[in-house]
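Dear colleague,

Please find below the structure that I was asked to pass on to you.

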Amino acid sequence: MVRAGRATKAACLALALSVPVALAGDRTAAAAENEIRIGNTMPYSGPALAYGVIGKTIAAYFNKVNAEGGINGRRITFISYDDAYSPQKTMDLTRKLVEEDKVLLTFASLGTTTNAAVRPYLNANKVPQLFVASGSSMWDEPREFPWTMGFQPSYQAEAHIYAQYLLETRTRGKIAILYQDDDFGKDYVKGLKDGLGGKIPIVAEAAYKVTDANVNQQIAVLKASGADIFFDIATPKFTAMAIRRAGEIGWRPDHIISTVSKSVTSLMSAAELQSAEGLLSAGYYLEGDDATTTSDPAYRAWSSFMDRYLPDVSKNNGLTIYGYLAASTMVAVLKACGDDLSRDNVMRQARSLKGLALPMLTPGININTSAYDHAPLEQMQMGQFTGGRWQRFGPVRSGTDPGSVSDSFKTIFRYGNAKRDLANQLNANTVTLMTGSLGSTYANMGADLSSVLDKGTELRVLPVIGRGSVQSVADILLLRGVDAGIIRKDTLAFLERKDFANNVREQLAYVAKLFNEEMHVVAPKSITSLSDLDGKTIAVDLPDGGTFVTSINVFERLGIRPHLLYIEPRLALDMLRKGDIDAIIAVEGKPLQWLSQVNDPNLHLVPVEYDRALHDDYLPAKLSAEDYPNLVSAEAPVNTIAAEALLASFNWQPGSDRHRRLSLLVEALFNNMQALQRPPFHPKWLEVAPLAPIAGWTRFKTAQEWLDRNMPAPQVMGANARASDLQASNAPNDPKLFREFLEWRANRQKRPAAASPKP
């Protein structure tokens, strides 16, 4: 263990903890009055021990800060454990840091797989995971993991810069790749391939594992490919082996190494300098042996720091500069926090870095973050190893060209090189979702799914503007290419009751109960109840949507016989004001945008009482002043009913390609539900009740399997027990309680045997 103020090493502790702990008292944890406790894990031993100097540098820098008075009067206590580059040890030690050492945050912990192992735990407990010492692109996912932030340019951004350089200088070359067989190596490979777009051929790839004794066989294979460009994605130990072995067998390609392995002392001391001559890499900070910077005040300050606090570490070790920069950034964030050192404010300040120019950053490179950008550094400059040191050359390059964020641009860029393969790749994992009319709740929910679940070629959700629930049933059953749709539970019941469809339940499956769509009845104030509409003219939307089905169903069950007019509500509003019609009905998730804008003293929302005849297909609901301030008073909310919307699909046979595609959608939906239930997405996502079975329906097989894995029977029973006291004449307003009510209500009914899908 390394602590600021005392540089000692201790063995890692193996904690017997296997279940995440809910830190009820720590979710709003703040720094103590006179201390800021910062946690870290670092490989001081094991296959990545060369990086341990980063932790020692950070500890030394915090010692310097403490000697100068600390942060706003508080001292930093830096607790760093040796995880030996083992994800399991990282998990155990991170739990210890949070639960026993009570750190405010974790900072600069090293490694891709190690940090990936603890990311869900830290985010679930709202503990900042700041400036992760890894270039994986996964640290820049603020929507899914808002408490995690990277630091250095991502491996993909760095690889994009190498691609830019090669496309400018070596378009006739042939590339061979050595990469570490994990997320670290694969991120680089993806970045290079995306950046090249097939314009320079990659003729060979060879992977190694961190447990391998050497990479001799891999280098032999790569040389035999005839490649004259060697892209070497390895940690320092294996990069040194590759440099040495390439020299021994006389292979002299243009050799590009990753920035994580370019430290002179950790790399070149282990490889022959003659073989290292001419190496290419990129960087974003000044080198300790760069003669052109010795007169720079920032360089002199860093050199003085090294002399005083790390006298036994070589200034040629670029990892010390990395640690120096990371610690400087952390101090800038803590100073910006002022006296509010809560976890929330720490993350707020970390997301608010604008144009931060730190000592020892390459001139022209600044740090920038935002709530939507957790990648502080995105620029680098190429360098070549010449005469025993790195020399920078060329412009400062950005690894994230604004145009490159467009998947469509990237697709077009690659189109001419691999048309057939690309077309297959794009189509293989695209799922088409039928929604509703423009501006409807269905359409908004479809857009949300597309935004949150999109993973490029891994999964693309393609929402299609439709006509509503009835049309969606027909489209799922008959329209080629439609995989799923949002439909109403009462639509299917109506179709069967009217004998419009045979065996439709065997052909359709449901994924989950999504949300409720409230019945809005807008009429003059002379209409005081639904029964007053008997014989009146009412607009009930277009005949392919769900509103007209719900209207017909409700009126038939209540014995009311109005004259129905099939016209959109927004178009019918002027007719209502003129007295040409007597009411408008809209069954959609509240609040409706067009209805929220109605401000007419002669109109109001007519109550719909929860009559016993409606219990089978509908739920009780309320419309409040918060929903419609111009139509509902704060003292008198309006009772109404709600129809249940489902995510449905054709009941494809397991093993078919369509079943596989839908399974991708299902897994992504359930795994990202928390993201969908946060702003700015539609508030109706808060009503999703994944446990609720739908009587008479077959649940899509993958959905049921996911629930069985993640929500076992005891959990379901617990939810039902909590909800059992909630049944009343009106459903509760709290979304969580309402979901439990729905699940309890649905589970009261005996679930039927699952119907076998048709071939």
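This is a predicted model: local features need pLDDT of at least 70, side-chain atom pairs count only at pLDDT 80 or more; totals for chains, interfaces and linings use all residues.

Rolling a probe the size of a water molecule over the atoms shows where empty space is left. In this model there are four cavities of 30 Å³ or more. The largest cavity holds about 220 Å³ of space. Its lining consists of 18 residues, and Tyr51, Ala133, Gln152, Tyr155 and Val260 are the closest to the centre. Which classes of residue make up this lining? Twelve of the residues are nonpolar and six are polar, while no charged residues take part in the lining of the largest cavity.

Which of them gives the most? That element is H15, with three residues. By class, the lining of the second largest pocket has 15 polar residues, eight nonpolar ones and eight charged ones.

The next item is a pair of packed helices. Two packed helices are described by the angle between their axes and the distance between the axes. For helix H22 (residues 657-671) and helix H24 (residues 701-710), the angle is about 35° and the axes lie 9 Å apart. Their crossing is right-handed. On the H22 side, the contact is made by His659, Ser663, Val666, Glu667, Phe670 and Asn671. On the H24 side, Lys701, Thr702, Ala703, Trp706, Leu707 and Arg709 take part. Taken by class, the residues of the contact of H22 with H24 are five nonpolar, four polar and three charged.

Finally, I would draw your attention to Asp616, which is found in the loop between strand S20 (603-605) and strand S21 (618-623). Is Asp616 buried or exposed? Its relative accessibility is 60%, and a residue counts as exposed over 50%, so Asp616 is exposed. Although Asp616 and Ala493 are 123 residues apart along the chain, their C-alpha atoms are separated by 9.9 Å.

Yours sincerely,

A colleague

Technical notes
Residues are numbered from 1 along each chain as its sequence is written. Side-chain values use heavy atoms; hydrogens and water are left out. Helices (H or I, at least four residues) and strands (E, at least two) are DSSP runs, numbered from the N terminus. Ala, Val, Leu, Ile, Met, Phe, Trp, Tyr, Cys and Pro count as nonpolar, Asp, Glu, Lys and Arg as charged, and the others, Gly among them, as polar. Buried means under 20% relative accessible area, exposed over 50%, partly exposed in between (1.4 Å probe, protein chains only). Axes are lines fitted to C-alpha atoms, for helices over the stretch in contact, and angles run from 0 to 180 degrees between N-to-C directions. A crossing is left-handed if the near helix is turned anticlockwise from the far one by less than a right angle, and right-handed if clockwise. Contact means heavy atoms within 4.5 Å. On a 1 Å grid over the protein atoms alone, a cavity is a set of points where a 1.4 Å probe fits but cannot get out, and a pocket is an open set with protein on both sides within 12 Å along at least five of seven lines; lining residues have an atom within 4 Å of a point. Grid points are joined across faces, edges and corners, and a volume is the space filled by probe spheres set on the points.
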